[in-house]
Amino acid sequence: MPPIVAIIAAGAMGSAVAARLTAAGITVLTNLDGRSDTTRRRAHDAGMQDVPFTDLAARSALFLSILPPSDAHALAQTYVDARKTLSPAPDSAIYVDCNAVSPHTAKGIAALFSGSGVPFVDAGIIGGPPRDAYNPTFYAAAEEQDIAALDAFEALGGHGLVVKTLRGNGAGVGDASALKNSYAGIAKGLTGLFTTMILSAHASSPATATALLHELNHSQPALLQRATRSLPDMLPKAYRFVGEMREISAFVHDMGGEGMSNVHEGMASVYERIAKSVRENGEDKQVLEAFVEDAKKVLEDEAARK
């Protein structure tokens, strides 16, 4: 029988993952206490079943935590506390933290499960929410004693997800999070760098920003093309990237990069500024949107000439 899966929360990523699983015949549970009508509709459309939180702990074979990194530790603690109320506690339960947290945070969350009888899997999602023929990749790792739990999570690859595991060669809890941090530090760091320099160029003068656009088109067209894709995608998500950049900064610091960790702490400040501008429909948002529209026209004209 396919396992029952619980997913918290029914955000853009969580609901899209749930939709993949329910389409493959998996029962997906969630808890919508205090959630908005928009979230409730999203969960309904994904085929998720709203149940009390204790039911998630009692009934699910796999519990997937997919939410902002700042909430990851608290959710794990809530789950552990809910399990303590169950008598007797069900045997089948695996907790999978799929959040963009640092390895240090992942290990701290894993420590909550020590002695609980619930195996812990450290996972990181690389890519956006599943849609149409596209799937992100779940990378996962676990300690040696929890390899069976890692196998069970990997088996979701047969139910609509793409799961790759890190095994051997010293892999364990924290390593999937390290991979996610490393990848996101490059991908989202580059978007933050685009943002910083476009806004700085425009602050000097609109003419400077226009010249920057044309020079990128001339000498770095691939970067300009990436900016036209990544900036619009980033704007509504900027608030979520703030905590992620701080987790990446902590990761770099913990890996011995004391001075280098300032890079992503600075990116957290960039995304804080953009999130504020998005909320207020401020100048930064408008400058970035205008730059993207102008860049698309320049790229289209260039392609037409060829």
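Author: Happy to! The largest pocket has a volume of about 1100 Å³, and please keep in mind that this is a predicted model. Its lining is made up of 38 residues. If you want to find the centre on your screen, look for Gly127, Lys188, Lys237, Arg240 and Phe241, which are the lining residues closest to that point.

Now for the elements around the pocket. At least two lining residues come from each of α1 (12-23), β6 (120-126), α7 (175-204), α9 (221-234) and α10 (238-254). Among these, α7 gives the largest share, with six residues. Sorted by class, the lining holds 20 nonpolar residues, 11 charged ones and seven polar ones.

One of the contributors, β6, leads us on to the sheet. Strand β6 sits between β5 and β7 in an open sheet of eight strands, whose order is β3-β2-β1-β4-β5-β6-β7-β8 and whose pairing is mixed. At the edges stand β3 (49-50) and β8 (163-165); each has a single partner strand, so one side of each is left without a neighbour in the sheet. For β3, two bridges in the parallel sense join this strand to β2 (residues 28-30), and Gln49 in β3 is the bridge partner of Leu29.

Definitions and conventions: Residues numbered from 1 in each chain as written. Predicted model: local features only at pLDDT ≥ 70, side-chain atom pairs only at ≥ 80, totals over all residues. Heavy atoms only, no water. Pairing = 2+ DSSP bridges. Helix = DSSP H or I, 4+ residues; strand = E, 2+ residues; numbered from the N terminus. 1 Å grid on protein atoms, 1.4 Å probe; cavity = no way out; pocket = protein on both sides within 12 Å on 5 of 7 lines; lining within 4 Å. Points joined across faces, edges and corners; volume = space filled by probe spheres on them. Nonpolar A, V, L, I, M, F, W, Y, C, P; charged D, E, K, R; others polar.
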